[in-house]
Amino acid sequence: MSYPPREDHGIIGNLVTAALVAMDGSIDWLCLPRFDSPSVFGALLDHRKGGRFRIAPLGSSFTRRQYYRPDTNVLVTHFASADGAAEITDFMPVTDPKEREACPLVRRVQAVRGSVAFQLECEPAFNYGRDSHRVEIDSAGAVFRSKALKAMILALFSPVPLRQAGHAVRARFTLHEGESQAFLLQAISAGRNPARAPSATEPEAWQAQTEDYWRNWIAKSGCTGRWSEIVHRSALALELLVYKPTGAIVAAPTTSLPERIGGERNWDYRSSWIRDSAFTVYALLRVGLTDEADRFVGWLQSLSKQAAQSRGSLQTVYGIDGRETLKEETLGHWEGYRGSRPVRIGNAAYEQLQMDIYGELMDAVYLYNKYGNPISSELWSSLRGMADWVCDNWQRPDSGIWEVRSRPQHFVYSKMMCWVSLDRALRLAAKRSFPADFDRWTRTRDRIYEQVLRKAWNAKRGAFVQHYGGTTLDASCLTMPLVFFVSPADPRMTQTLDAVCRPASQGGLLSDGGVYRYNSGEVKDGLEGGEGTFNMCGFWLVEELTRAGRTSPARLRQAHLLFEKMLG
């Protein structure tokens with residue numbers, strides 16, 4: 001297929017960038033040298049112009065599947081037919097960015113049964129396919145030179161002879177049972193000659209080192225129980241979003257994958273949202289993985305200093321290097337995934353006011369102080385300033401957690417998270433005996449609480465709604481018990497739960513085990529078309545049903561069934 005299903009891609013990475021590997025053996029997405037760099041392979045968003053690096057058995061009779069080596073982010077793509085079977089093992093060694101030139105990617109190809117003929121095609125498309133490049137072939141492989149990489153060149157080390165085909169290189173080779181070959185893709189300083197090709201044994205050693213790294217990392221988790229393997233896999237995926245040089249966490253390593261095929265809700269998520277980062281740190285802390293929380297707190301401290309010197313408040317989203325401007329632009333020359341236009345880079349959300357970020361941030365820091373390491377007095381000084389800022393600004397309308405592109409509203413979730421920010425600041429100050437304006441923070445926290453209970457409830461709908469004066473259901477209201485704003489058994493909360501659990505066709509948010517963020521048909525969010533269900537909302541619903549299930553076995557059974565559907 002020109003565009004494999006999105007779910008038919010595995011992800012590999014090295015805490016600096018990440019690549020998506022399709023089940024047909026094609027690397028369809030890779031940005032070098034880091035997450036937010038222009039793409040080198042972008043077939044995910046334009047199968048003709050985007051560029052790819054594909055290695056696959058010849059012929060169409062092969063079945064395909066992907067899996068990870070246990071407790072690692074080393075990906076195996078398995079091909080099988082009646083005549084033979086083969087595996088491609090893809091990984092990116094995790095090393096100190098200061099000790100390497102760029103981000104190497106290793107592809108080990110092996111015949112595990114019979115003899116298998118392979119075809120290789122490597123065609124980069126630098127700078128989102130906007131820049132041309134030169135190809136040079138020698139005995140070690142091929143070198144691609146483009147002005148997009150500025151002071152770097154892209155080298156492909158190949159143990160089999162390559163031939164040039166336009167701006168691509170290609171090869172055919174056959175492996176017999178038990179034989180293997182390894183291919184290395186690496187960006188190298190332009191002023192230096194390409195490094196030597198790896199020896200026959202080095203790729204195997206790199207794989208062993210990479211597997212050891214991931215296994216040692218996940219071994220720190222204290223998660224046990226029925227679903228521990230799935231929790232570990234989720235944690236490993238989240239860890240691939242960490243940008244190790246600064247401690248930033250990207251929301252996703254991709255851009256412009258559509259909500260619905262052909263739709264315009266296509267965004268660039270290769271930046272660090274305060275909210276998403278806090279959610280990620282919270283999740284990893286819950287399973288005993290604290291290293292990323294340490295890095296995130298360091299990242300937060302640097303952003304706080306930056307904010308104090310400029311605007312006085314935090315932005316919703318930053319570049320992974322801390323830059324504040326993320327100019328949004330459209331790549332008109334790319335058709336988008338299965339024709340889903342526009343393809344965007346950058347994200348205008350950096351200009352939005354989203355009040356909820358202070359709640360997620362303060363909650364994550366509170367938990368870090370409790371389960372990780374005590375925070376510094378310098379960080380507390382910044383947090384104290386944020387709490388004061390919330391007291392001054394909590395009554396402002398904003399763009400909300402879903403970043404609507406219509407006019408600002410008094411979103412219920414945003415108000416509630418302002419309450420969370422002050423509540424956690426008060427708890428943290430009391431726990432650590434930090435200096436704080438206890439009287440003002442307490443008065444403001446209580447005012448927010450009373451206002452939300454008064455204005456967020458819609459008696460006609462029988463539920464908490466999206467914004468003051470509105471009638472639209474919003475899945476973010478499911479978090480009210482999760483942040484201890486109300487009890488899961490509160491009558492208003494149970495009524496909201498009942499409303500959300502109705503089928504979307506009957507005014508609820510549930511659809512075949514998935515949960516919509518809100519009733520998009522009722523909301524003018526500044527965009528055309530509808531959207532799909534949102535996994536995070538589904539897990540929120542599972543957790544709320546579980547808590548409500550402490551007094552209702554039926555709720556608990558419903559939570560269990562929904563959870564199994566979500567895992568599927």
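Predicted model: local features only at pLDDT ≥ 70, side-chain atom pairs only at ≥ 80, totals over all residues.
Biologist: Thanks! Which residue forms a salt bridge with Glu 292?

Modeller: That would be Arg 295, and the closest N and O atoms of the pair are 2.6 Å apart. Arg 295 is partly exposed, with a relative accessible area of 23%.

Biologist: Why are Arg 295 and Glu 292 separated by about one helical turn?

Modeller: Because they are 3 residues apart in helix 5, which covers residues 291-309.

Biologist: How many salt bridges does the structure hold?

Modeller: There are 31 salt bridges. One of them is formed by Asp 321 with Arg 34, where the closest N and O atoms are 3.1 Å apart. That pair links distant parts of the chain, 287 residues apart. Asp 321 sits in the loop between strand 20 and strand 21, and Arg 34 in the loop between strand 3 and strand 4. As for accessibility, Asp 321 is partly exposed, at 39%.

Biologist: And what about Glu 211, which residue does it form a salt bridge with?

Modeller: Glu 211 forms a salt bridge with Arg 69, with the closest N and O atoms 2.9 Å apart. Here too the pair links distant parts of the chain: Glu 211 is in helix 2, residues 202-218, while Arg 69 is in the loop between strand 6 and strand 7, 142 residues away.

Biologist: Why does Glu 211 count as buried?

Modeller: Its relative accessibility is 6%, and buried means under 20%. Arg 69, on the other hand, is partly exposed, with a relative accessible area of 34%.

Biologist: Which residues are linked in a network of salt bridges?

Modeller: The network is made up of Asp 363, Asp 423, Arg 424, Arg 427, Arg 445 and Asp 446.

Biologist: How many bridges join strand 8 to strand 9?

Modeller: Strand 8, residues 85-91, and strand 9, residues 105-113, are joined by 7 bridges and run antiparallel. In that pairing, Ile 88 stands opposite Val 109 of strand 9. Strand 9 also pairs with strand 16, residues 180-189, in the antiparallel sense over 6 bridges. There, Arg 108 stands opposite Ala 182 in strand 16.

Biologist: What else does Ile 137 touch?

Modeller: Leaving out residues up to four places away in sequence, Ile 137 touches Ala 142, Leu 162, Arg 163, Gln 164 and Val 169. Ile 137 is also partly exposed, with a relative accessible area of 35%.

Biologist: Now the backbone. Which residues does a cis peptide bond join?

Modeller: One joins Leu 32 and Pro 33, with omega at about 10°. Pro 33 is in the loop between strand 3 and strand 4, where Arg 34 is also found. Another cis peptide bond joins Arg 341 and Pro 342, with omega at about 0°. Pro 342 lies in the loop between strand 21 and strand 22.

Biologist: What is phi for Tyr 128?

Modeller: Tyr 128 has a positive phi of about 55°, although it is not a glycine. Tyr 128 is found in helix 1, residues 126-129, and counts as buried at 4% relative accessibility. Glu 403 has a positive phi as well, near 55°. Glu 403 is placed in the loop between helix 7 and helix 8 and is buried, with a relative accessible area of 15%.

Biologist: Last topic: how much space lies in the largest cavity?

Modeller: About 50 Å³. The residues lining the largest cavity include Ser 399, Trp 402, Phe 411, Tyr 413 and Asp 474.

Key:
Residues numbered from 1 in each chain as written. Heavy atoms only, no water. Pairing = 2+ DSSP bridges. Helix = DSSP H or I, 4+ residues; strand = E, 2+ residues; numbered from the N terminus. Buried < 20%, exposed > 50% of the residue type's maximum accessible area, 1.4 Å probe, protein only. Contact = heavy atoms within 4.5 Å. Salt bridge = Lys/Arg side-chain N within 4 Å of Asp/Glu carboxyl O. 1 Å grid on protein atoms, 1.4 Å probe; cavity = no way out; pocket = protein on both sides within 12 Å on 5 of 7 lines; lining within 4 Å. Points joined across faces, edges and corners; volume = space filled by probe spheres on them.
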